[in-house]
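Me: I am new to this structure and would like to learn how to read it feature by feature. Could you take me through it slowly?

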Amino acid sequence: MLIVSDDRAVVEADLAAGRLLCPRCGVGVLGGWGCARLRVLRMREGERRLRPRRGRCRGQACLATHVLLPNVCLARRLDAAETIGEALLAEEGYRRVAERLGVPAETVRDWRSRFRSRAEAVAAHFLRWARALDGALLGPELQGSPVADALEAIGVCVRVASLLLGRRSPWSWVSALTAGGLLAINTNPPWPVPE
(Lines give C-alpha, C1' and ligand atoms only; values in the text may rest on other atoms or scores of the structure.)
Protein backbone atom coordinates (compact mmCIF):
# COMPACT_ATOMS: atom_id res chain seq x y z
CA MET A 1 0.00 0.00 0.00
CA LEU A 2 1.11 3.53 -0.75
CA ILE A 3 -0.43 6.76 0.53
CA VAL A 4 -1.09 9.24 -2.28
CA SER A 5 -2.94 12.49 -2.89
CA ASP A 6 -6.70 12.56 -2.42
CA ASP A 7 -6.97 14.18 -5.87
CA ARG A 8 -7.50 11.39 -8.43
CA ALA A 9 -6.18 13.55 -11.30
CA VAL A 10 -2.89 14.05 -9.42
CA VAL A 11 -2.61 10.30 -8.80
CA GLU A 12 -3.23 9.53 -12.48
CA ALA A 13 -0.65 12.12 -13.54
CA ASP A 14 1.90 10.68 -11.07
CA LEU A 15 1.29 7.15 -12.40
CA ALA A 16 1.60 8.27 -16.02
CA ALA A 17 4.82 10.19 -15.34
CA GLY A 18 6.38 7.39 -13.28
CA ARG A 19 6.69 9.52 -10.13
CA LEU A 20 5.49 6.83 -7.70
CA LEU A 21 8.20 4.47 -6.46
CA CYS A 22 7.34 0.91 -5.50
CA PRO A 23 7.22 0.67 -1.68
CA ARG A 24 8.28 -2.98 -1.85
CA CYS A 25 11.48 -2.88 -3.91
CA GLY A 26 12.14 0.87 -3.66
CA VAL A 27 13.55 1.16 -7.19
CA GLY A 28 10.76 0.30 -9.64
CA VAL A 29 8.10 2.82 -10.59
CA LEU A 30 4.39 2.11 -10.38
CA GLY A 31 2.12 2.02 -13.39
CA GLY A 32 -1.68 1.91 -13.33
CA TRP A 33 -3.20 -1.47 -12.51
CA GLY A 34 -6.96 -1.05 -12.16
CA CYS A 35 -8.68 -0.23 -8.90
CA ALA A 36 -9.12 -1.76 -5.47
CA ARG A 37 -12.51 -2.70 -4.10
CA LEU A 38 -15.10 -0.04 -3.42
CA ARG A 39 -15.02 1.18 0.17
CA VAL A 40 -17.03 3.57 2.27
CA LEU A 41 -15.20 6.20 4.27
CA ARG A 42 -17.04 7.87 7.16
CA MET A 43 -16.28 11.58 7.05
CA ARG A 44 -17.59 14.38 9.28
CA GLU A 45 -19.88 15.55 6.46
CA GLY A 46 -21.21 12.04 5.76
CA GLU A 47 -20.19 8.86 3.99
CA ARG A 48 -17.91 9.01 0.99
CA ARG A 49 -17.61 6.16 -1.45
CA LEU A 50 -14.19 5.71 -2.94
CA ARG A 51 -12.44 3.17 -5.08
CA PRO A 52 -8.68 3.54 -4.56
CA ARG A 53 -6.42 3.16 -7.59
CA ARG A 54 -3.95 0.29 -7.75
CA GLY A 55 -0.41 0.44 -9.08
CA ARG A 56 1.94 -2.29 -10.27
CA CYS A 57 5.71 -2.13 -10.09
CA ARG A 58 7.24 -2.00 -13.57
CA GLY A 59 10.51 -3.53 -12.33
CA GLN A 60 10.77 -7.02 -13.83
CA ALA A 61 12.25 -8.41 -10.61
CA CYS A 62 9.32 -7.15 -8.50
CA LEU A 63 5.97 -6.74 -10.31
CA ALA A 64 4.20 -6.24 -6.95
CA THR A 65 0.81 -4.54 -6.88
CA HIS A 66 -0.16 -1.90 -4.34
CA VAL A 67 -3.33 -0.08 -3.32
CA LEU A 68 -2.86 3.69 -3.68
CA LEU A 69 -4.77 4.86 -0.62
CA PRO A 70 -5.78 8.56 -0.48
CA ASN A 71 -4.14 10.53 2.31
CA VAL A 72 -7.49 11.19 3.97
CA CYS A 73 -7.52 7.52 5.04
CA LEU A 74 -5.72 5.29 7.47
CA ALA A 75 -5.24 1.64 6.54
CA ARG A 76 -8.04 -0.71 7.55
CA ARG A 77 -10.11 2.07 9.13
CA LEU A 78 -13.67 2.96 8.20
CA ASP A 79 -13.30 6.54 9.43
CA ALA A 80 -11.32 9.38 7.89
CA ALA A 81 -7.93 10.27 9.37
CA GLU A 82 -9.31 13.69 10.41
CA THR A 83 -12.10 12.06 12.44
CA ILE A 84 -9.67 9.72 14.17
CA GLY A 85 -7.29 12.60 14.85
CA GLU A 86 -10.08 14.68 16.36
CA ALA A 87 -10.93 11.80 18.70
CA LEU A 88 -7.29 11.42 19.74
CA LEU A 89 -6.95 15.14 20.45
CA ALA A 90 -10.23 15.48 22.39
CA GLU A 91 -9.89 15.85 26.15
CA GLU A 92 -13.38 14.65 26.98
CA GLY A 93 -14.41 11.04 27.63
CA TYR A 94 -14.63 8.58 24.75
CA ARG A 95 -18.44 8.25 24.93
CA ARG A 96 -18.95 11.99 24.59
CA VAL A 97 -16.42 12.19 21.75
CA ALA A 98 -18.10 9.28 19.97
CA GLU A 99 -21.49 10.96 20.25
CA ARG A 100 -20.13 14.23 18.88
CA LEU A 101 -18.36 12.48 15.98
CA GLY A 102 -21.24 10.13 15.21
CA VAL A 103 -19.25 6.92 15.62
CA PRO A 104 -19.65 4.00 18.05
CA ALA A 105 -18.15 4.58 21.50
CA GLU A 106 -16.19 1.30 21.29
CA THR A 107 -14.53 2.56 18.12
CA VAL A 108 -13.23 5.71 19.81
CA ARG A 109 -12.12 3.66 22.82
CA ASP A 110 -10.22 1.31 20.45
CA TRP A 111 -8.49 4.21 18.64
CA ARG A 112 -7.36 5.74 21.90
CA SER A 113 -6.23 2.42 23.35
CA ARG A 114 -4.21 1.51 20.28
CA PHE A 115 -2.65 4.99 20.14
CA ARG A 116 -1.84 4.89 23.87
CA SER A 117 -0.21 1.45 23.50
CA ARG A 118 2.29 2.75 20.93
CA ALA A 119 2.56 6.39 21.99
CA GLU A 120 6.31 6.24 22.63
CA ALA A 121 6.97 4.75 19.18
CA VAL A 122 4.71 7.38 17.60
CA ALA A 123 6.57 10.20 19.36
CA ALA A 124 9.98 8.84 18.31
CA HIS A 125 8.84 8.33 14.72
CA PHE A 126 7.46 11.85 14.24
CA LEU A 127 10.43 13.49 15.97
CA ARG A 128 12.76 11.54 13.65
CA TRP A 129 10.86 12.94 10.66
CA ALA A 130 10.81 16.48 12.07
CA ARG A 131 14.58 16.40 12.64
CA ALA A 132 15.17 14.95 9.15
CA LEU A 133 13.17 17.81 7.64
CA ASP A 134 14.80 20.49 9.80
CA GLY A 135 18.21 19.61 11.20
CA ALA A 136 18.26 22.70 13.42
CA LEU A 137 15.04 21.69 15.18
CA LEU A 138 15.23 21.40 18.94
CA GLY A 139 13.14 18.70 20.59
CA PRO A 140 9.69 19.69 21.83
CA GLU A 141 9.05 20.25 25.49
CA LEU A 142 7.88 17.03 27.13
CA GLN A 143 4.25 17.08 28.20
CA GLY A 144 4.50 14.54 31.01
CA SER A 145 2.61 11.62 29.48
CA PRO A 146 3.41 9.34 26.54
CA VAL A 147 0.14 10.22 24.75
CA ALA A 148 0.63 13.98 25.19
CA ASP A 149 4.27 13.65 24.07
CA ALA A 150 3.17 11.71 20.96
CA LEU A 151 0.55 14.31 20.07
CA GLU A 152 3.11 17.09 20.58
CA ALA A 153 5.61 15.27 18.34
CA ILE A 154 2.95 14.90 15.65
CA GLY A 155 2.18 18.61 15.91
CA VAL A 156 5.84 19.62 15.61
CA CYS A 157 6.40 17.34 12.63
CA VAL A 158 3.25 18.50 10.85
CA ARG A 159 4.25 22.17 11.31
CA VAL A 160 7.74 21.54 9.92
CA ALA A 161 6.45 19.45 7.00
CA SER A 162 3.81 22.04 6.12
CA LEU A 163 6.33 24.88 6.19
CA LEU A 164 8.92 23.05 4.09
CA LEU A 165 6.84 20.88 1.78
CA GLY A 166 3.52 22.70 1.51
CA ARG A 167 0.40 23.06 3.56
CA ARG A 168 -2.07 20.23 3.85
CA SER A 169 -4.34 18.78 6.48
CA PRO A 170 -2.38 17.71 9.58
CA TRP A 171 -3.89 14.24 9.63
CA SER A 172 -3.12 13.71 5.95
CA TRP A 173 0.54 14.26 6.91
CA VAL A 174 0.09 11.66 9.67
CA SER A 175 -1.39 9.22 7.16
CA ALA A 176 1.45 9.81 4.70
CA LEU A 177 4.27 9.61 7.26
CA THR A 178 2.97 6.33 8.73
CA ALA A 179 1.97 4.81 5.37
CA GLY A 180 -1.58 4.77 6.71
CA GLY A 181 -0.52 2.59 9.63
CA LEU A 182 -0.83 4.91 12.62
CA LEU A 183 -3.32 2.53 14.25
CA ALA A 184 -2.25 -0.67 12.51
CA ILE A 185 -2.62 -3.91 14.40
CA ASN A 186 0.97 -5.15 14.15
CA THR A 187 3.18 -4.32 17.10
CA ASN A 188 6.28 -3.44 15.08
CA PRO A 189 4.98 -0.81 12.64
CA PRO A 190 6.72 -0.73 9.26
CA TRP A 191 6.43 3.03 8.97
CA PRO A 192 8.54 4.80 6.39
CA VAL A 193 11.66 6.37 7.87
CA PRO A 194 13.60 9.38 6.59
CA GLU A 195 16.83 8.59 4.79
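**Reading the fold**

Reply: Let us begin with contacts: residues 24 or more positions apart account for 55% of the contacts in the protein chain with a separation of 6 or more. Please keep in mind throughout that this is a predicted model.

Me: How many helices and strands does the protein chain have, and what pattern do they follow along the sequence?

Reply: The protein chain has seven helices and six strands, and, read along the sequence, these elements follow the pattern β-α-β-β-β-β-β-α-α-α-α-α-α. The radius of gyration is 17 Å, close to the 16 Å that the globule rule gives for 195 residues, so the protein chain is as compact as a globular protein of that length. The C-alpha atoms fill a box of roughly 50 × 40 × 30 Å along the principal axes.

Me: What share of the residues counts as buried, and how much accessible surface does the protein chain have?

Reply: Of the 195 residues, 43% count as buried, while the accessible surface comes to about 10,700 Å², with 52% of that area belonging to carbon and sulfur atoms.

Me: How far apart are the mean positions of the positive and negative charges?

Reply: The protein chain carries 29 positive and 20 negative charges, and their mean positions are 8 Å apart.

Me: How should I read the cysteines, and how many disulfides are there?

Reply: In general, a disulfide is a covalent bond between the sulfur atoms of two cysteines. To count one here, the two sulfur atoms must lie within 2.5 Å, and by this rule the count comes to zero. Cys-62 is in no disulfide, as the nearest cysteine sulfur, that of Cys-22, is 3.8 Å away. The sulfur of Cys-157 is 20 Å from the closest cysteine sulfur, which belongs to Cys-73, and this is too far for a bond.

Me: Are Cys-62 and Cys-157 buried or exposed?

Reply: A residue is called buried when its relative accessible area is under 20%. Cys-62 has 16% relative accessibility, so Cys-62 counts as buried, and Cys-157, at 0%, counts as buried too.

Me: Where does Arg-8 lie, and which residues does Arg-8 touch?

Reply: Arg-8 lies in helix H1, which covers residues 8–17, and Arg-8 is partly exposed, with a relative accessible area of 38%. Leaving aside residues up to four places away in sequence, Arg-8 touches Cys-35, Arg-51 and Arg-53. Arg-8 and Pro-70 are 62 residues apart in sequence, and their C-alpha atoms are 8.6 Å apart in space.

Note on methods:
Residues are numbered from 1 along each chain as its sequence is written. This is a predicted model: local features need pLDDT of at least 70, side-chain atom pairs count only at pLDDT 80 or more; totals for chains, interfaces and linings use all residues. Side-chain values use heavy atoms; hydrogens and water are left out. Helices (H or I, at least four residues) and strands (E, at least two) are DSSP runs, numbered from the N terminus. The radius of gyration is taken over C-alpha atoms; the globule rule is 2.2 Å times the number of residues to the power 0.38. Buried means under 20% relative accessible area, exposed over 50%, partly exposed in between (1.4 Å probe, protein chains only). Contact means heavy atoms within 4.5 Å. Accessible areas come from the Shrake-Rupley method with a 1.4 Å probe; for residues, only the protein chains shown count as cover. Lys and Arg count as positive and Asp and Glu as negative; His and the chain ends are not counted. The place of a charge is taken as NZ of Lys, CZ of Arg, CG of Asp or CD of Glu.
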